[in-house]
Amino acid sequence: MRNTSLFLSIAFNCAGCSWGGALDSDPSAWTPPARAVTLEDAPTASTAGGAADGSASSAGADIDCATTPALELSLLQSAPERGSHRVGEPCLEGCHEAGGSAELAFAAAGSAYRAQGQRMIAEAGREVRGVGGSVLQLDACGNFYALKAALKSETKSTQPWLKDPTFRHMEKPLLRVARPGDCNQSGCHDFSGRLNSGIYF
């Protein structure tokens, strides 16, 4: 409680401050960029793994996030030591859905970033909770995904949330979403507007 009061005090006292673009706390950085994430934004082997300094972690050092990974039939869900591809793209739409071009159909999938206005991927191993009543870890490319068999319930029946190090709940009910497991789909976590920011820690 004491820390919250201190934060609020600083926030109110700095209401008239002149913010600089170089500051991490610059309010202009809180609004997601207008353009959609493209393949050019996908991390490569040098950035995969998401270590605090932007370098690769040991788990993802040899993982190339720009190319399609080999089919792994035993795969049920994402894990820190695994890789993926196409960060920020709608995973289920035409690809990892029943009848899609990908060989595995996911019940849920998405990408996560370090901050609301950045496309730097979040660290491998961070958790997205409540996806189909389950906990999913980010892989070395910043993606999370799961087959239906890995989830405890349907994706539309639970509200995903993040915990590590922050606590962020989704505000949009998934019951009204066309593909509730496709987190990067158009109009959801696709950076298309203030309410559609990327998933961030």
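**A guided reading of the predicted model**

Ser111 is buried, having a relative accessible area of 1%; the term buried stands for under 20% relative accessible area, exposed for over 50%, and partly exposed for what lies in between, with a 1.4 Å probe and protein chains only. The model is predicted, so local features need pLDDT of at least 70 and side-chain atom pairs count only at pLDDT 80 or more, while totals for chains, interfaces and linings use all residues. Residues are numbered from 1 along each chain as its sequence is written, and side-chain values use heavy atoms, with hydrogens and water left out.

Ser111 belongs to strand 1, which covers residues 108–113; helices (H or I, at least four residues) and strands (E, at least two) are DSSP runs numbered from the N terminus. The side chain of Ser111 makes a polar contact of 2.6 Å with that of Asn143 and another, of 3.0 Å, with that of Asn184. A polar contact is a pair of N or O atoms within 3.5 Å; within protein, one must be able to donate a hydrogen and the other to accept it, and residues adjacent in sequence count only if both atoms are side-chain atoms. Apart from neighbours within four places in sequence, the residues in contact with Ser111 (heavy atoms within 4.5 Å) include Val87, Gly88, Phe144 and Ile199.

With neighbours within four places in sequence left aside, Ile199 is in contact with Ser111, Ala112, Tyr113, Phe144, Leu162, Cys183 and His189.

Three of them form an open sheet in the order 4-1-7, with mixed pairing. Strand 4 and strand 7 (199–200) stand at the edges with a single partner strand each, so one side of each is left without a neighbour in the sheet. Strand 1 and strand 4 run antiparallel and are joined by four bridges; two strands pair if DSSP finds at least two bridges between them. Within strand 4, Ala146 is the residue that stands opposite Ala108.

Strand 2 and strand 3 also run antiparallel, again with four bridges between them. The two form a hairpin with two residues between them, and Gly132 in the turn has a positive phi of about 60°. Glu127 has Gln137 in strand 3 as its bridge partner. In a regular strand the side chains alternate between the two faces of the sheet.

Side chains of opposite charge can pair when their charged atoms come close. Six salt bridges are present in the structure, a salt bridge being a side-chain nitrogen of Lys or Arg within 4 Å of a carboxyl oxygen of Asp or Glu. In one of them, the closest N and O atoms of Arg129 and Glu127 are 2.6 Å apart; Arg129 is partly exposed, with a relative accessible area of 26%. In another, Arg126 and Glu123 have their closest N and O atoms 3.5 Å apart, and both of these residues are buried. Salt bridges that share partners also join Glu93, Arg179 and Asp182 into one network.

The aromatic rings complete the picture. There are two aromatic pairs; rings of Phe, Tyr and Trp (its six-membered ring) pair if their centres lie within 6.5 Å, and planes under 30 degrees apart count as stacked, over 60 as edge-to-face and the rest as tilted. Phe106 and Tyr145 form a stacked pair, 5.2 Å centre to centre with 20° between the planes. Phe106 lies in the loop between helix 1 and strand 1 and Tyr145 in strand 4, so this pair ties together parts that are 39 residues apart in sequence. Both Phe106 and Tyr145 are buried. The rings of Tyr113 and Phe191 have centres 5.1 Å apart and planes at 70°, so that pair is edge-to-face. Because Tyr113 lies in strand 1 and Phe191 in the loop between strand 6 (167–169) and strand 7, the pair ties together parts that are 78 residues apart in sequence. Tyr113 counts as buried at 2% relative accessibility, and Phe191 is buried with a relative accessible area of 1%.
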